[in-house]
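Visitor: Please walk me through this model, feature by feature. Give me the general idea, then the case at hand.

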Amino acid sequence: MLVKYNNVNVYQESQLVLQNVSFEINEGEFVYITGKVGSGKSSLLKTIYGELPVKEGEAQVMDFEIHKLKRNNLPALRKKLGVIFQDFQLLTDRTVEDNLKFVLKATGWKDKEEIRQRIKDVLELVGMSTKGYKRPSELSGGEQQRIVIARAILNRPRLILADEPTGNLDVETGKAIAELLQQICKAGSTIIMITHNLNLLDQYPGRVFRCENHNLVEVKGEALANATEELD
């Protein structure tokens, strides 16, 4: 079991956004979290990587008990996670390679040749092997998102959290990013992806959860089919 939540209440500051959240996610699964703006999707994701505390209920992420986690243990948790942000959060004053090098050094890599080789490997994996010398401002939105994915997989994480990774992209670029994430999942990483684009659910299947009325519910079968048909 990679992620297990039991009766967790999720708060954004003092406001309860999700209540009695209980779910389990296994190794190698591709999981979507859907729901309207403000329904608690991003807040739930933030509890998984420790940005928001779990004060009520029990939450386990890999070997970490999130509801007991102390701030000084957050770096150990995040080293085993990859996080993909919608707004990229790349360092704009340095090249792509230097962005990736910064993360590797911050997470304990020291050998220069190993760092160089790992950066080369992840850039090839995301189809950006010729872009390492460029700065983020010189890249398209889709290219920047590929770099963010490269950054997220640097430390070969077991779990990758993606917060609306296609939200700021055009339809075709969004599909390419979703396909890339599916490939990474098939290679061994578990993916939890927030999306409002229900069309992706048909093209790139996975488990689907929806945040609604302060609850997290898994959507299956006919209910899932109805949700995607509404878009046709």
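Predicted model: local features only at pLDDT ≥ 70, side-chain atom pairs only at ≥ 80, totals over all residues.

Visitor: Which residues of helix 1 are buried?

Guide: Buried means under 20% relative accessible area, exposed over 50%, partly exposed in between (1.4 Å probe, protein chains only). In helix 1 the buried residues are Lys 41, Ser 43, Leu 44, Leu 45, Thr 47 and Ile 48. Helix 1 is largely enclosed by the rest of the structure, because 6 of its 8 residues are buried.

Visitor: What is Ser 43 in contact with?

Guide: Contact means heavy atoms within 4.5 Å. Leaving aside neighbours within four places in sequence, Ser 43 is in contact with Val 10, Gln 12, Val 17 and Leu 52. Its relative accessibility is 9%. Lys 55 is 12 residues from Ser 43 in sequence and 13 Å away in space, C-alpha to C-alpha.

Visitor: Where does a positive phi turn up in a residue other than glycine?

Guide: Most residues other than glycine have a negative phi. Asn 20 is an exception, with phi near 50°. Asn 20 lies in strand 2 (residues 15–25) and is partly exposed at 49%. Met 62 also has a positive phi, about 55°. Met 62 sits in the loop between strand 4 (56–61) and strand 5 (64–65), and is buried at 3%.

Visitor: Which residues touch the most other members of the largest nonpolar core?

Guide: A nonpolar core is a set of buried Ala, Val, Leu, Ile, Met, Phe, Trp, Tyr and Cys residues joined through side-chain atoms within 4.5 Å. The largest has 39 residues, and Tyr 32, Ile 84, Leu 123, Ile 149, Leu 181 and Met 193 touch the most other members. Among the elements that each supply at least two residues are strand 3 (30–35), helix 5 (141–152) and helix 6 (171–186). Helix 6 gives the largest share, 6 residues. Leu 181 is in contact with Phe 30, Ile 84, Ile 149, Ala 162, Pro 165, Ile 191 and Met 193, leaving aside neighbours within four places in sequence. A second, separate core has 33 residues, including Val 8, Leu 18, Tyr 49 and Phe 209.

Visitor: At what angle do the axes of helix 5 and helix 6 cross?

Guide: Axes are lines fitted to C-alpha atoms, for helices over the stretch in contact, and angles run from 0 to 180 degrees between N-to-C directions. The axes of helix 5 and helix 6 cross at roughly 15° and come within 10 Å. That makes the two helices roughly parallel. Angles under 35 degrees count as roughly parallel, over 145 as roughly antiparallel, 65 to 115 as roughly perpendicular and the rest as oblique.

Visitor: How do helix 3 and helix 4 pack?

Guide: Their angle is about 120°, with axes 10 Å apart. Helix 3 and helix 4 are therefore oblique to each other. Val 96, Glu 97, Leu 100, Lys 101, Leu 104 and Lys 105 in helix 3 meet Ile 115, Arg 118, Ile 119, Val 122 and Leu 123 in helix 4.

Definitions and conventions
Residues numbered from 1 in each chain as written. Heavy atoms only, no water. Helix = DSSP H or I, 4+ residues; strand = E, 2+ residues; numbered from the N terminus.
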